[in-house]
Amino acid sequence: MTGRFTDHLRAISQPTWENAVNHRFITALYAGEVPDAAMKNYLIQDYRFLDSFLVLIGAAITQADTLEARLRFGRFAGMISSDEDTYFQRAFAALGINEAEAAKNPDTAPTAGFKAIMREAAATGSYPVILSVLNVAEWLYYEWASAAPQPLPENFIYAEWVTLHDNPDFNAFVAFIRSELDRTGPNAPDICEAFFKRAVVLEEQFFDAAYA
């Protein structure tokens, strides 16, 4: 294989990857024009990932083969548990989402699928597999966020969701997890490809489900 392993994974996931990055939900997000009902659905469902996502990050810390990598994952877990969690609470308040409303909204099929694949990847104990799912979750979001036209919408619900996925620290983390998967993934290409492609399909379905 020539070139980067992560570029190969993205290439074999087309056109689903591009469909997700250029989804109508993303286009509306850029403009600050996602209908409130769709934005509520999206944020309620996205917040459901937090527990499973932290399980995935914890597995990355456990299975990483260097101290530097463990420290990077630990710092990222701290950001998810603070800055991103705070955003959700503020956005829920601004959209009038209370705990009861969020609780009665059942998991969509893509949400259930994402929670399952994160825990499945963690349970494999395979660092490259964990990285494959993590790269879809973070790299795909970086791709659409970094392409957002300027200026961003005035409403923080939209603007901060973009900047949470396009800022120097986040961008450096995406570069790091890509480099880690480039380094380790070629040792287990088939299973990495399978998990990566499944996760990309779930990303497109997750954006679709916001409008359901």
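This is a predicted model: local features need pLDDT of at least 70, side-chain atom pairs count only at pLDDT 80 or more; totals for chains, interfaces and linings use all residues.
How many nonpolar, polar and charged residues are in the lining of the largest cavity?

**View 1. The largest cavity and the classes of its lining residues.** Welcome inside: the count of cavities of 30 Å³ or more comes to one, and the volume of this largest cavity is about 270 Å³. Its centre has D46, F49, F53, E84 and E138 as the closest of the 17 lining residues. Sorted by class, the lining holds 11 nonpolar residues, one polar residue and five charged residues.

**View 2. Helices around the largest cavity.** Here we look at which elements supply the lining. Two or more lining residues come from each of α4 (36-47), α5 (50-63), α6 (67-95), α8 (109-124) and α9 (127-146). The biggest contribution is that of α6, which gives four residues.

View 3. Is S52 buried or exposed? With a relative accessibility of 2%, S52 falls under the 20% cut-off, and therefore it counts as buried.

**View 4. The partners of S52.** Once neighbours within four places in sequence are set aside, S52 is in contact with K115, M118 and R119. With one of these, R119, there is also a polar contact: the side chains of S52 and R119 meet at 3.0 Å.

Note on methods. Residues are numbered from 1 along each chain as its sequence is written. Side-chain values use heavy atoms; hydrogens and water are left out. On a 1 Å grid over the protein atoms alone, a cavity is a set of points where a 1.4 Å probe fits but cannot get out, and a pocket is an open set with protein on both sides within 12 Å along at least five of seven lines; lining residues have an atom within 4 Å of a point. Grid points are joined across faces, edges and corners, and a volume is the space filled by probe spheres set on the points. Ala, Val, Leu, Ile, Met, Phe, Trp, Tyr, Cys and Pro count as nonpolar, Asp, Glu, Lys and Arg as charged, and the others, Gly among them, as polar. Buried means under 20% relative accessible area, exposed over 50%, partly exposed in between (1.4 Å probe, protein chains only). A polar contact is a pair of N or O atoms within 3.5 Å; within protein, one must be able to donate a hydrogen and the other to accept it, and residues adjacent in sequence count only if both atoms are side-chain atoms. Contact means heavy atoms within 4.5 Å.
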